[in-house]
Amino acid sequence: MFLEALGSAVLGLALAWVAARRLPHRLPSRALVLSTGAAGSLFGAFLTHSALGPSGLLVILAGALVVAAASLSLLLRPAERFRRRSATA
């Protein structure tokens with residue numbers, strides 16, 4: 001159980017770090033991105049472990065990765081080039 005939590009936290013931090021490096025203009029502060037990645041992956045590992053039981057480390061890490069990616073996607077802002085201005089502005 002400890003290895004699952006540690007592995008998922010490291011995986012979430014790595015995913016958040018890559019997202020913060022590749023999309024700095026579309027994400028909020030780096031601290032928020034890193035903490036969201038870690039928290040999302042820990043929640044994903046908990047959710048996967050609760051749903052499937054101790055089925056295997058790779059399955060739980062895959063669930064952690066999916067939930068961390070979904071959590072990080074909620075932080076994305078629209079790109080500047082696609083933002084439309086209103087007619088009154």
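User: Why is G63 called buried?

Analyst: This is a predicted model. G63 has a relative accessibility of 14%. Buried means under 20%, so G63 counts as buried. The residue is found in helix 3.

User: What is G63 in contact with, leaving aside its neighbours within four places in sequence?

Analyst: G44 and T48. Contact means heavy atoms within 4.5 Å. G63 and T48 lie 15 residues apart in sequence, yet their C-alpha atoms are 5.7 Å apart in space.

User: Which residues of helix 2 are buried, and what covers them?

Analyst: The buried residues of helix 2 are V33, T36, G37, A38, G40, S41, G44, A45 and T48. Their cover includes helix 1 and helix 3.

User: How do you know that the end-to-end span of helix 2 agrees with its number of residues?

Analyst: Helix 2 covers residues 30–52, which is 23 residues. The expected span is 1.5 Å times one less than the number of residues. That gives 33 Å, and the end C-alpha atoms are 33 Å apart, so the two agree. G53 follows helix 2, with a positive phi near 80°.

User: How do helix 1 and helix 3 pack?

Analyst: Helix 1 (residues 2–22) and helix 3 (residues 57–73) pack at about 35°, with axes 9 Å apart. Their crossing is right-handed. Helix 1 contributes L3, E4, G7, S8, L11, L15 and A16. Helix 3 contributes L57, I60, L61, A64, L65, A68, A69 and L72.

User: What kinds of residue make this contact between helix 1 and helix 3?

Analyst: The contact has 12 nonpolar, 2 polar and 1 charged.

Definitions and conventions:
Residues numbered from 1 in each chain as written. Predicted model: local features only at pLDDT ≥ 70, side-chain atom pairs only at ≥ 80, totals over all residues. Heavy atoms only, no water. Axes fitted to C-alpha atoms, helices over the stretch in contact; angles between N-to-C directions. Helix = DSSP H or I, 4+ residues; strand = E, 2+ residues; numbered from the N terminus. Left-handed = near helix turned anticlockwise from the far one by under 90°. Nonpolar A, V, L, I, M, F, W, Y, C, P; charged D, E, K, R; others polar. Buried < 20%, exposed > 50% of the residue type's maximum accessible area, 1.4 Å probe, protein only.
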